[in-house]
Amino acid sequence: FYNATNERELEEALANIASEIACTIDLDRVPDYPERVSVTMDGDALDQVTDCDDDGWKYPSNENAPKTIMLCGEACEDAQDGGTVSIEYGCPDGEG
């Protein structure tokens, strides 16, 4: 809930909401091997991070079967600027 009492506060609230949405990406499916998921931005590999104080991506906390990923830091900014995110679902060695 955002309580905006004037136009400037409303604009700031909408910008905050938009930035949060742009940095959360729905997965096509729940990954069979979440530890084998890889994410790239414009072809460059992103690191999986534990919190959004770092640049990269992470699964939202409290998700045993992740359905989304969150882009963090510079990766989020790049996505907001029109960057292309690719997600690959890997398999354990010797499978798939």
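## A tour by way of the cysteines

Start by selecting Cys-52, which is partly exposed, with a relative accessible area of 34%; on this scale buried means under 20% relative accessible area, exposed over 50%, and partly exposed in between, using a 1.4 Å probe and protein chains only. Before you go on, note that this is a predicted model, where local features need pLDDT of at least 70, side-chain atom pairs count only at pLDDT 80 or more, and totals for chains, interfaces and linings use all residues. Residues are numbered from 1 along each chain as its sequence is written, and side-chain values use heavy atoms, with hydrogens and water left out.

**Stop 1: the partner of Cys-52.** A disulfide (a pair of cysteine sulfur atoms within 2.5 Å) joins Cys-52 to Cys-72, with 1.9 Å from S to S. The link is left-handed, with -45° about the S-S bond. Distant parts of the chain are tied together here: Cys-52 lies in the loop between β3 and β4 (56–58), while Cys-72 belongs to strand β5 (residues 68–72), 20 residues apart. Is Cys-72 buried or exposed? Cys-72 is buried, at a relative accessible area of 0%.

**Stop 2: the other bond.** Now pick Cys-23 and Cys-76. Their sulfur atoms are 1.4 Å apart and form a disulfide, right-handed with 60° about the S-S bond. This pair also links distant parts of the chain: Cys-23 is in the loop between α1 (7–22) and β1 (24–26), and Cys-76 is in helix α2 (residues 74–80), 53 residues apart. Cys-23 counts as buried at 6% relative accessibility, and so does Cys-76 at 12%. The structure holds two disulfides, and counting bonded cysteines along the chain gives the pattern 1-4, 2-3. While you are selecting cysteines, click on Cys-91 too: this residue is partly exposed, with a relative accessible area of 35%.

**Stop 3: the sheet.** Switch to cartoon view and colour by secondary structure. Helices (H or I, at least four residues) and strands (E, at least two) are DSSP runs numbered from the N terminus, and two strands pair if DSSP finds at least two bridges between them. Look for the open sheet of three strands, in the order β3-β2-β6 with antiparallel pairing. Strands β3 (44–45) and β6 (85–89) are at its edges with a single partner strand each, so one side of each has no neighbour in the sheet.

Select β2, residues 37–41, which pairs with β3 in the antiparallel sense over two bridges. Four of the five residues of β2 are buried, leaving the strand mostly covered. On the β3 side, Met-41 stands opposite Asp-44. The two strands form a hairpin with two residues between them, and Asp-42 in the turn has a positive phi of about 50°. Towards β6, five bridges join the antiparallel strands β2 and β6; here, Ser-38 stands opposite Glu-88.

**Last stop: the whole chain.** Zoom out. How many helices and strands does the chain have? There are two helices and six strands, following the pattern α-β-β-β-β-β-α-β along the sequence. Of the 96 residues, 26% count as buried. Finally, among contacts (heavy atoms within 4.5 Å) with a separation of 6 or more, residues 24 or more positions apart account for 55%.
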